[in-house]
Structures are given as C-alpha cells and as structure tokens.
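Biologist: I have a model open and want to learn to read it. Where do we start?

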Amino acid sequence: MIDLNELEQFLVFYKNGTLSGAAAELHISQPTLTRSMQKLESDFGVSLFTRSKNKLELNDNGVLAAGQAEKLLEQARAMVELVRANDRNGHTLSIGACAPMPLLSMIRRATDLYPEIRLVSEIKSRDVLLDGLADGSYQIVILPERLEDEQMHCGTCGVEHLLFLLPASHPLAGRKGLYMEELDGENMLVFSDPALWHDLHVEKMPHSRFLTQSELFPFEDLIEASAMPSLLSDDMLQKNGIPENHVAVPILDKEASLSYYAVCRKENRKRFAGLV
C-alpha cells in the first residue's frame with residue numbers, strides 16, 4: 001500500500017529537483033528521504049528513477065507518478081476537509097446577517113432551540129453572505145430582501161422600523177411622527193449597519209453627520225453621554241426600553257422600514273424549522 005506521506009515527499013523531490021534541496025525543505029535528513037524514495041519505488045513495483053553517480057532523477061514512470069500523486073494528494077486533502085466540514089456543521093451553527101438587530105433576535109432563539117450547538121455569527125455584505133451560504137460557510141443567512149432560488153428555503157424573520165430617539169428637550173420631541181428631512185443638518189448617533197442604511201441616510205439627510213455604532217452597549221453609553229438625537233430601530237427599543245429623558249418618535253418615510261428574510265439550503269429546512 002502506497003503511503004501518502006511518502007507521496008508528499010516524492011512530490012517535493014520532483015518539484016525541487018535534488019535530494020539535498022528536498023530534504024532541507026522537508027526538514028529531514030537526506031538518507032531518510034532516500035530510504036522513503038526507495039520504499040515508494042518498491043511499492044510501485046517499477047523503476048521511478050534514473051540513477052547516476054551523485055545524482056537521482058525521475059524517469060518517465062517517475063514523472064507520470066508525480067503528476068498522479070499531485071492529483072491524489074489534492075483529492076485526499078479535499079476529502080479530509082469535507083469530512084471535517086461535515087463534523088463542524090453537525091456541532092456548529094454559523095449565521096451571517098446583513099444587520100445587527102435581526103441577528104441578535106435569531107441568536108436568542110437559536111440559543112433556546114439548540115443549547116448543545118456552538119453558535120458562530122457575523123455581519124457581512126449581501127454578496128459575502130450569499131457566497132458563504134453557497135459554499136457552506138453559513139448554514140443560515142439574514143437578508144434585507146426575499147431570495148428567489150430553487151435550492152434555498154426563504155422565510156420572513158422580522159421587520160425593522162427606524163425611529164428618532166430625541167432628548168426630551170429637543171424642539172421636535174413632542175411630534176407624533178417625523179420625516180427624516182426635518183432633522184437634516186443635525187448631527188446624529190446611529191445604531192445600525194452603516195452599509196445597509198447608508199444610501200437612505202445620504203438621500204434623506206445629506207447635510208447631517210452620523211456617528212455610527214453597531215455594538216449595543218457602547219451605543220447605549222453614547223446616548224446617555226450625548227445630547228445628540230439618535231437613529232435606531234423599534235426592535236432595539238422594544239428590547240431595551242427608552243432611555244431616561246428621551247422620547248421615541250416614529251419616522252414617517254416609507255423607506256425607513258425593512259423586512260428581513262432568513263435563508264437556508266432546502267436540505268436543512270427541517271433542521272432549522274424553528275429559525276427559518
């Protein structure tokens with residue numbers, strides 16, 4: 001039976017061209033490498049080398065064997081990674097999302113439903129999420145639009161409405177609703193994924209400057225320490241309440257609402273039925 005480790009050494013020799021160079025690259029002695037090449041040749045049962053004084057070269061059989069060895073070793077590495085990925089998928093749930101709030105909600109549900117599974121999550125752009133879902137890096141992704149794909153299962157996972165959080169002393173704090181352009185020009189704290197809402201901010205409030213924070217606790221500290229208005233979602237307020245001396249005012253622009261969709265591969269639909 002041919003040893004894969006010996007094939008690795010054989011391939012290093014083929015690419016390096018000399019026993020001394022290959023031995024140095026492999027961090028083994030030259031006599032050890034020579035014995036490995038002799039054993040490999042014996043396993044093939046044919047001559048792989050042309051030997052001359054102080055020189056060892058591959059013959060035609062050896063060159064052919066080296067090309068096949070490279071393919072075989074690549075297949076072996078792919079097999080190992082496939083099996084390891086399958087094991088990770090069985091013990092790990094990887095979730096990618098386009099925005100923080102729907103991700104936080106899903107993590108809470110996943111923790112309750114699958115307490116024995118390790119959760120991994122991150123916020124990425126739409127293209128990265130779709131690539132990760134296709135190659136298995138994510139088991140579930142959260143997108144800001146419905147995905148039409150025959151290989152994927154897509155379900156709604158919530159709606160996020162933006163609102164203004166104003167200091168109680170703000171001149172517009174008594175309003176029942178506001179359009180974004182009414183606060184255009186004011187500096188604003190933002191709890192959101194900046195890429196997801198960037199176009200809306202620029203379009204509706206081109207003269208404002210935004211201090212964006214995507215981590216919950218630093219954002220809450222900023223609200224307490226600052227007199228600036230804030231842009232955040234109703235979902236966040238529902239979970240954490242309205243800070244003292246602040247007023248929540250709904251934003252009336254229709255673009256200030258986003259529906260989110262959870263997507264997984266169809267073969268995982270039953271497994272993640274409680275999430276998607």
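Modeller: With the nonpolar core. A nonpolar core is a set of buried Ala, Val, Leu, Ile, Met, Phe, Trp, Tyr and Cys residues joined through side-chain atoms within 4.5 Å. Buried means under 20% relative accessible area, exposed over 50%, partly exposed in between (1.4 Å probe, protein chains only).

Biologist: Which residues of the largest nonpolar core touch the most other members?

Modeller: Leu-93, Ile-140, Phe-164, Leu-231, Tyr-260, Val-263 and Leu-275, out of 45 residues in that core. Two or more residues each come from β3, α5 (100-113), α6 (126-135), β5, β6, β7 (188-191), α7 (194-204) and β11 (257-265). Another core, of 19 residues, lies apart from it; Phe-10, Leu-19, Phe-49 and Leu-56 are among them. Helices (H or I, at least four residues) and strands (E, at least two) are DSSP runs, numbered from the N terminus.

Biologist: How far can I trust this?

Modeller: The model is predicted; local features need pLDDT of at least 70, side-chain atom pairs count only at pLDDT 80 or more, and totals for chains, interfaces and linings use all residues. Residues are numbered from 1 along each chain as its sequence is written, and side-chain values use heavy atoms, with hydrogens and water left out. pLDDT is the predictor's confidence in each residue, from 0 to 100. Here the protein averages 86, and 94% of the residues score at least 70.

Biologist: Which elements have the lowest and the highest mean pLDDT?

Modeller: Helix α8 (residues 216-225) has the lowest, 73, and strand β5 (residues 140-143) the highest, 94.

Biologist: Now contacts. What is Ser-94 in contact with, leaving aside its neighbours within four places in sequence?

Modeller: Contact means heavy atoms within 4.5 Å. Ser-94 contacts Val-120, Ser-137, Tyr-138, Gln-139 and Ile-140. Ser-94 sits in strand β3 (residues 92-97).

Biologist: Why does Ser-94 count as buried?

Modeller: Because its relative accessibility is 9%. Met-152, in strand β6 (residues 152-167), is buried too, with a relative accessible area of 9%. Beyond neighbours within four places in sequence, Met-152 contacts Leu-133, Leu-147, Val-263, Cys-264, Arg-265 and Lys-266.

Biologist: And Val-46: where does it lie?

Modeller: In the loop between α3 (30-44) and β1 (49-52). Val-46 is partly exposed because its relative accessible area is 39%.
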